[in-house]
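This report goes through one protein model by its loops, sheets, helices and cores. Please keep the sequence and the structure in view while reading.

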Amino acid sequence: DALLNARPDLIILAGGTNRGARQGVIKLADLLVLLCQVTPLPQRPGILYCGNEENGKQVKEMLEKWTAVEVAPNIRPTVDQEDLQPAVQTVCQITNQLRFGQVGGLQKLAASSSVPPLTTAYAMGRMIRFLSTIYSSGKGVLGVDLGSRYTIIASGFQGQLAQKVFPWGCG
């Protein structure tokens with residue numbers, strides 16, 4: 001019910017380390033199939049799967065008859081390793097596709113640019129990470145974006161980024 005009421009544009013499904021448990025994620029994918037079946041076609045959310053890579057093909061086959069599905073590398077391939085970057089890039093691509101249909105002229109603007117539009121949080125994170133690599137002192141970089149609906153706080157130290165987006169702003 002919470003998913004139906006939220007009417008999300010995108011659902012990110014992740015879970016399980018590579019060569020780890022598989023059934024829990026498949027059960028969640030079954031739940032998403034049910035969600036898609038009861039949601040009218042234009043309102044169905046896209047799905048990004050970035051969990052146990054052994055499940056990727058099965059999850060895509062289960063869901064692609066109902067909605068758009070993208071598969072990215074596992075965000076937690078092992079218990080002690082985390083790699084969010086490929087999933088974040090895929091989220092940016094999906095967000096662009098959604099926004100192209102919602103914001104008139106955005107696709108034309110993107111075609112005239114050498115790089116596609118980026119979400120504010122992603123672009124800010126890239127800039128903070130970059131700035132943290134060019135400063136030679138032992139100090140890091142802190143950035144705060146107080147927007148009308150969201151607040152982004154990002155810190156970088158020697159190329160490592162820590163970032164959080166809060167659902168409140170000054171508007």
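## Two loop residues

Q158 sits in the loop between strand 5 (151-157) and strand 6 (160-166). Helices (H or I, at least four residues) and strands (E, at least two) are DSSP runs, numbered from the N terminus. The model is predicted: local features need pLDDT of at least 70 and side-chain atom pairs count only at pLDDT 80 or more, while totals for chains, interfaces and linings use all residues. Residues are numbered from 1 along each chain as its sequence is written, and side-chain values use heavy atoms, with hydrogens and water left out.

Q158 is not a glycine, yet its phi is positive, at about 50 degrees. The residue is exposed, with a relative accessible area of 58%; buried means under 20% relative accessible area, exposed over 50%, and partly exposed in between (1.4 Å probe, protein chains only). R7 is another non-glycine residue with a positive phi, here about 45 degrees. R7 lies in the loop between helix 1 (2-6) and strand 1 (10-13), and is exposed at a relative accessible area of 55%.

Three strands form an open sheet in the order 1-2-3, with parallel pairing. Strand 1 and strand 3 (69-71) are the edge strands, each pairing on one side only. From one strand to the next, the twist averages 20 degrees. Two strands count as paired if DSSP finds at least two bridges between them.

Strand 1 and strand 2 (residues 46-49) run parallel and are joined by four bridges. I11 has I47, in strand 2, as its bridge partner.

## Helices across the sheet

Helix 3 lies across strand 1, strand 2 and strand 3, and runs at about 175 degrees to strand 3. Helix 4 (residues 85-102) also lies across strand 1, strand 2 and strand 3, running at about 165 degrees to strand 2. For these angles, axes are lines fitted to C-alpha atoms, for helices over the stretch in contact, and angles run from 0 to 180 degrees between N-to-C directions. Contact means heavy atoms within 4.5 Å.

K57 belongs to helix 3 (residues 56-63) and is exposed, with a relative accessible area of 64%. Between K57 and V71 there are 8.4 Å in space, C-alpha to C-alpha, and the two are 14 residues apart in sequence.

## Nonpolar cores

A nonpolar core is a set of buried Ala, Val, Leu, Ile, Met, Phe, Trp, Tyr and Cys residues joined through side-chain atoms within 4.5 Å. The largest one has 14 residues, and those with the most contacts inside it are L13, A29, L32, I47, V59 and L63. At least two residues of this core come from each of strand 1, helix 2 (23-38), strand 2 and helix 3. Helix 2 gives the largest share, six residues.

Which residues does I47 touch? Leaving aside residues up to four places away in sequence, I47 touches L10, I11, L32, L63, T67, A68, V69 and E70. A second, separate core has six residues, among them M124, I128, I152 and A154.

## The antiparallel pair

Strand 4 (residues 141-146) and strand 5 run antiparallel and are joined by six bridges.
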